[in-house]
Amino acid sequence: MAGKGKGGRGTGKKSVSRSTRAGLQFPVGRIGRHLKMGRYAARVGAGAPVYMAAVMEYLCAEILELSGNAARDNKKSRIIPRHIQLAVRNDEELNKLLGKVTIAAGGVLPNIHAVLLPKKSQSKKNIAAATGSQEY
């Protein structure tokens, strides 16, 4: 009788998490639990938390990469909320996704309207031509 008796002891495989199977860093099991407990739907499929974890991990990696670039541009080694704000607002797609989101201590993008900028000063030749004087 196959499958009975004590012959199978000690040969059990170590459990592998769904995050590891999917090759993700974000916790698939925890996201699945929150989807079920949150009552977003009556039933949650097996692939839903895997897909959601993958999307969340991608978004997080994208924001962290752009924020790291912003921190490096400001000659800093740590990412602060200001760097996240600059990264999100300068990226067209992330800005659309997080358009109504306020990032605490993020500040605003540096922007001066063109009308408020000082007018360019004219050179001496241009001033003389504007006044209509001629040199003989």
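Beyond its neighbours within four places in sequence, valine 28 is in contact with Arg18, Ser19, Pro49, Val50 and Ala53. The model is a predicted one. Val28 also belongs to the largest nonpolar core. That core has five residues in all: Leu24, Val28, Ile31, Leu35 and Ala53. Helix H2, residues 28-37, is the main contributor, giving three residues to the core. In soluble globular proteins, nonpolar side chains tend to be buried together.

The overall fold is helical. The protein has six helices and zero strands. From the N terminus on, the order of elements is α-α-α-α-α-α. Of the 136 residues in the protein, 15% are buried. The exposed surface comes to about 12,000 Å². Carbon and sulfur atoms supply 56% of that surface. Among contacts with a separation of 6 or more, 36% join residues 24 or more positions apart.

Helix H4 spans residues 81-90. Its buried residues are His83, Gln85, Leu86, Ala87, Val88 and Arg89. The cover over these buried residues includes helix H3 (48-73) and helix H5 (92-97).

The packing of H3 on H4 was examined next. The two helices pack at an angle of about 115 degrees. Their axes are 8 Å apart. H3 is therefore roughly perpendicular to H4, as angles of 65 to 115 degrees fall in that class. On the H3 side, the contact is made by Ile63, Leu66, Ser67, Ala70 and Ala71. On the H4 side, His83, Ile84 and Ala87 take part. The crossing of H3 past H4 is right-handed.

Serine 67 is one of the H3 residues in this contact. Serine 67 has a relative accessible area of 1% and is therefore buried, the limit being under 20%. Leaving aside neighbours within four places in sequence, serine 67 is in contact with Ile79, His83, Ile84 and Ala87. His83, Ile84 and Ala87 are also the H4 residues of the helix contact. Serine 67 and arginine 82 are 15 residues apart along the chain. The C-alpha atoms of this pair are separated by 8.8 Å.

Glutamine 85 lies in helix H4. Its relative accessibility is 8%, so glutamine 85 counts as buried.

Most residues other than glycine have a negative phi. Arginine 39 has a positive phi, near 55 degrees, and is a residue other than glycine. Arginine 39 lies in the loop between H2 and H3. With 65% relative accessibility, arginine 39 counts as exposed, because the threshold is over 50%. Lysine 75 has a phi near 60 degrees, again a positive value in a residue other than glycine. Lysine 75 is placed in the loop between H3 and H4. Its relative accessibility is 75%, so lysine 75 likewise counts as exposed.

Notes
Residues are numbered from 1 along each chain as its sequence is written. This is a predicted model: local features need pLDDT of at least 70, side-chain atom pairs count only at pLDDT 80 or more; totals for chains, interfaces and linings use all residues. Side-chain values use heavy atoms; hydrogens and water are left out. A nonpolar core is a set of buried Ala, Val, Leu, Ile, Met, Phe, Trp, Tyr and Cys residues joined through side-chain atoms within 4.5 Å. Buried means under 20% relative accessible area, exposed over 50%, partly exposed in between (1.4 Å probe, protein chains only). Helices (H or I, at least four residues) and strands (E, at least two) are DSSP runs, numbered from the N terminus. Contact means heavy atoms within 4.5 Å. Accessible areas come from the Shrake-Rupley method with a 1.4 Å probe; for residues, only the protein chains shown count as cover. Axes are lines fitted to C-alpha atoms, for helices over the stretch in contact, and angles run from 0 to 180 degrees between N-to-C directions. Angles under 35 degrees count as roughly parallel, over 145 as roughly antiparallel, 65 to 115 as roughly perpendicular and the rest as oblique. A crossing is left-handed if the near helix is turned anticlockwise from the far one by less than a right angle, and right-handed if clockwise.
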